[in-house]
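Student: I would like to go through some of the labels used for this model and ask what stands behind each one.

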Amino acid sequence: MTKTMTETTTGQVKTTLLTIGRVVIAITAIFYGVEHFLHPLGVPGVPLQKMMPDWIPAHLLIGYLTGAILLVSGAAILLAKKTRLAATYLGTWIVLLVMFIYGPILIAALANPTTDVKIEGINYFFDTLLFAGAILALASATPPTD
């Protein structure tokens with residue numbers, strides 16, 4: 001069975017968009033990984049000016065581990081080597097950070113009477129969650145045999 005012109009064009013567009021998304025996410029992950037090595041005490045995931053709260057144990061370990069995961073996953077995604085696996089692991093790590101670090105930060109921020117603190121907590125939580133969602137969308141869109 002031959003493919004029609006529309007099917008071929010649609011396949012090319014999907015491949016092009018997937019490649020663009022893969023490169024953008026990979027470069028972002030690599031940049032964020034470098035930032036984590038330069039500033040390991042900042043909140044992990046998306047590099048922000050906010051420092052990791054004192055109640056979180058092993059600040060440096062979490063910072064450096066997150067940096068390493070971002071660098072390795074970003075490189076694998078950029079080179080299109082095990083893209084689906086790398087994006088799945090990276091996205092899962094970022095979701096875990098959102099649940100166990102940003103979630104409590106958000107709850108503490110919402111308990112604060114100051115509007116600015118609430119907005120900051122919401123912003124940090126959802127920025128990082130959005131990054132994880134984009135990574136997991138890439139993992140989902142990548143063919144299983146890349």
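Predicted model: local features only at pLDDT ≥ 70, side-chain atom pairs only at ≥ 80, totals over all residues.

Student: What makes the pair of Phe31 and Tyr32 tilted?

Tutor: Their ring centres are 6.2 Å apart, and the cut-off for a pair is within 6.5 Å. The planes stand at 55°; under 30 degrees would be stacked and over 60 edge-to-face.

Student: Why is the pair of Tyr32 and Phe131 called edge-to-face?

Tutor: The planes of Tyr32 and Phe131 make an angle of 65°, and over 60 counts as edge-to-face. The centres are 5.1 Å apart, so the pair also meets the limit of within 6.5 Å.

Student: Where in the chain do Tyr32 and Phe131 lie?

Tutor: Tyr32 is in helix H1 (residues 5–38) and Phe131 is in helix H4 (residues 115–141). They are 99 residues apart, so the pair links distant parts of the chain. Phe31, Tyr32 and Phe131 form one aromatic cluster.

Student: How do you know whether Tyr32 and Phe31 are buried or partly exposed?

Tutor: Tyr32 has 18% relative accessibility. Buried means under 20%, so Tyr32 counts as buried. Phe31 has 49%, and exposed begins over 50%, so Phe31 is partly exposed. Phe131, the partner of Tyr32 in the edge-to-face pair, is buried.

Student: Which residues have the most contacts inside the largest nonpolar core?

Tutor: They are Ile94, Ile101, Phe131 and Ile135, in a core of 29 residues. H1, helix H2 (59–78), helix H3 (83–111) and H4 each give two or more residues to this core. H3 supplies the largest share, 10 residues. In soluble globular proteins, nonpolar side chains tend to be buried together.

Student: What makes Lys50 and Glu120 a salt bridge?

Tutor: Their side chains meet at 3.7 Å, N to O. The limit is within 4 Å, so the pair qualifies as a salt bridge. The structure holds 1 salt bridge. Lys50 is in the loop between H1 and H2, while Glu120 is in helix H4, 70 residues away.

Student: Why are Lys50 and Glu120 called partly exposed?

Tutor: Lys50 has 24% relative accessibility and Glu120 has 34%.

Key
Residues numbered from 1 in each chain as written. Heavy atoms only, no water. Phe/Tyr/Trp six-rings, centres within 6.5 Å; stacked < 30°, edge-to-face > 60°. Buried < 20%, exposed > 50% of the residue type's maximum accessible area, 1.4 Å probe, protein only. Helix = DSSP H or I, 4+ residues; strand = E, 2+ residues; numbered from the N terminus. Core = buried A, V, L, I, M, F, W, Y, C linked by side-chain atoms within 4.5 Å.
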